[in-house]
Amino acid sequence: MTAYAVAHMRQVTMGPQIVEYLHKIDATLEPFCGRFVVHGGNVEVVENDWPGNLIVIEFPDRRHVRAWYASPAYQAILALRTENSQSDVVFADGVEHPHKATDVLG
């Protein structure tokens with residue numbers, strides 16, 4: 001089942017370390033079949049407040065997303081992001097199609 005790494009980047013201090021992170025992250029994703037599906041950009045806030053940016057990276061499954069995050073290549077650049085931003089990061093599974101809202105009821 002498709003899985004996602006989702007980040008809410010509430011604050012980013014743009015500087016040389018973030019630029020370096022951006023230059024290097026794509027190479028860390030490639031061996032795990034990760035690809036950006038949302039990478040910042042303009043969001044339309046329709047309820048409440050959304051400070052920051054949304055990042056969504058798609059992987060074939062949860063195993064791939066965990067392996068990417070734990071990989072030596074990603075761990076080598078992780079501090080470039082964490083020391084220069086305030087963010088929340090979660091891993092989430094996609095849903096099988098077709099999916100209805102009531103499927104979560106069991």
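Author: The largest pocket holds about 360 Å³ of space. A pocket here is an open set of points on a 1 Å grid over the protein atoms alone, where a 1.4 Å probe fits and protein lies on both sides within 12 Å along at least five of seven lines. The volume is the space filled by probe spheres set on the points, which are joined across faces, edges and corners.

Reader: Is this an experimental or a predicted model?

Author: This is a predicted model, where local features need pLDDT of at least 70 and side-chain atom pairs count only at pLDDT 80 or more, while totals for chains, interfaces and linings use all residues. Residues are numbered from 1 along each chain as its sequence is written, and side-chain values use heavy atoms, with hydrogens and water left out.

Reader: Which residues lie nearest the centre of the largest pocket?

Author: Met9, Tyr21, His39, Ile55 and Arg81, out of 21 lining residues; a lining residue has an atom within 4 Å of a point. E1 gives the most to this lining, with five residues. Helices (H or I, at least four residues) and strands (E, at least two) are DSSP runs, numbered from the N terminus.

Reader: And by class, what is in the lining?

Author: It has 17 nonpolar, three polar and one charged residues. Ala, Val, Leu, Ile, Met, Phe, Trp, Tyr, Cys and Pro count as nonpolar, Asp, Glu, Lys and Arg as charged, and the others, Gly among them, as polar.

Reader: New topic. Which residues of the largest nonpolar core touch the most other members?

Author: Ile25, Ile57, Phe59, Trp68 and Tyr74, in a core of 17 residues. Such a core is a set of buried Ala, Val, Leu, Ile, Met, Phe, Trp, Tyr and Cys residues joined through side-chain atoms within 4.5 Å.

Reader: What does Ile25 touch?

Author: Leaving out residues up to four places away in sequence, Ile25 touches Phe36, Ile57, Trp68, Tyr74 and Ile77. Contact means heavy atoms within 4.5 Å.

Reader: Glu58 next. Buried or exposed?

Author: Glu58 counts as buried because its relative accessibility is 19%. The cut-offs are under 20% relative accessible area for buried, over 50% for exposed and partly exposed in between (1.4 Å probe, protein chains only).

Reader: Where is Glu58?

Author: In strand E3.

Reader: And Pro72, buried or exposed?

Author: Pro72 counts as exposed, because its relative accessibility is 70%. Pro72 lies in helix H3.
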